[in-house]
Amino acid sequence: MDTWKFYAITHTDHVVLNPTSPARLDELIGLLDLPPEPRVLDIGCGTGELLVRLAEAHGADRSTGTDASEVSGSGAGFRGVGVDDSPPFLARARESVAQRVPRAAIELLEMDGADYDAAAASFDLACCLGASWVFGGHRGTLRALSRAVRPGGQVLVGEPFWKTEPAAEYLAWAGMTGADFAGHAENVAIGESEGLVPLLAWVSSDEDWDRYETLMWRAAARYGAVNPDDPDRSELLERVAHARHEYLAWGRETLGWALYLFGRPADLQPA
């Protein structure tokens, strides 16, 4: 089954494509110290929800002096770049931009995030929520994003972490190794070792995980019911059933998720 078809179906009902609630995402956006017309990079942007919400929050057209309340939701004055290699997700992202922030300068690129050549120190905020595999893991992601932000800018990542030592049966079932992720404290420490300043480290709740995981079950079941002749139907349902057992048997108690916000000091030299 095509990878992007699988994720497009299973994430049909997701507003945020990771175990972060929309309310938590909005709270985070409200705490970001961004300039009036921020420039933001989002690697693995998915459906573009983070970029669109940031544009909605920074919607004043300051070139004309228009108050933000008069152009609410337009996104004027915001500049963003979203990079993802999923055609279905980017289609949803383009639709969201057109409908919700039509005046925002958001560029959406279909490509591998590792191939995007960001000019050094060109962004106020660089993000990667749940796609650290693009840069070979958490450390590589922080290193790449810190190069892309200006001195005094911010780096935001969403990354899993081990709550407890993963069982051998869990790793075998999921096709993972214990080295795939670190602990929560270590995720913060890795940023510090890269010269970044920890600003926030927000762990998602079990309910956030439940929302993320079970919406996939529901979407797959509904798709299977109305598309009995789809040749990918059996594989879709089998993969979701495999993931459901993984989550309920081990994952919910073992694997966590957090948003990590770091600041780049003004004197940090790019690695």
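Strand 5 (residues 149-162) is mostly covered, with 11 of its 14 residues buried, where buried means under 20% relative accessible area, exposed over 50% and partly exposed in between (1.4 Å probe, protein chains only). This is a predicted model, where local features need pLDDT of at least 70, side-chain atom pairs count only at pLDDT 80 or more, and totals for chains, interfaces and linings use all residues. Residues are numbered from 1 along each chain as its sequence is written, and side-chain values use heavy atoms, with hydrogens and water left out.

Now for the neighbours of strand 5. Strand 4 (residues 123-129) runs parallel to strand 5, joined by six bridges; two strands pair if DSSP finds at least two bridges between them. Here Leu129 stands opposite Gly158. Strand 7 (residues 255-263) runs antiparallel to strand 5, with nine bridges, and Val155 has Phe262 as its bridge partner there. Helices (H or I, at least four residues) and strands (E, at least two) are DSSP runs, numbered from the N terminus.

On to helix 8 (residues 206-226). At 1.5 Å a residue, its 21 residues should span 30 Å, and the end C-alpha atoms are 30 Å apart, which agrees; the expected span is 1.5 Å times one less than the number of residues. Its buried residues include Trp209, Tyr212, Met216 and Gly224. Seen down the axis of helix 8, the buried residues fall within an arc of 145°, so they line one face of the helix; the arc is that of the directions from the helix axis to the C-beta atoms. Turned away from that buried side are the exposed residues Glu207, Ala225 and Val226.
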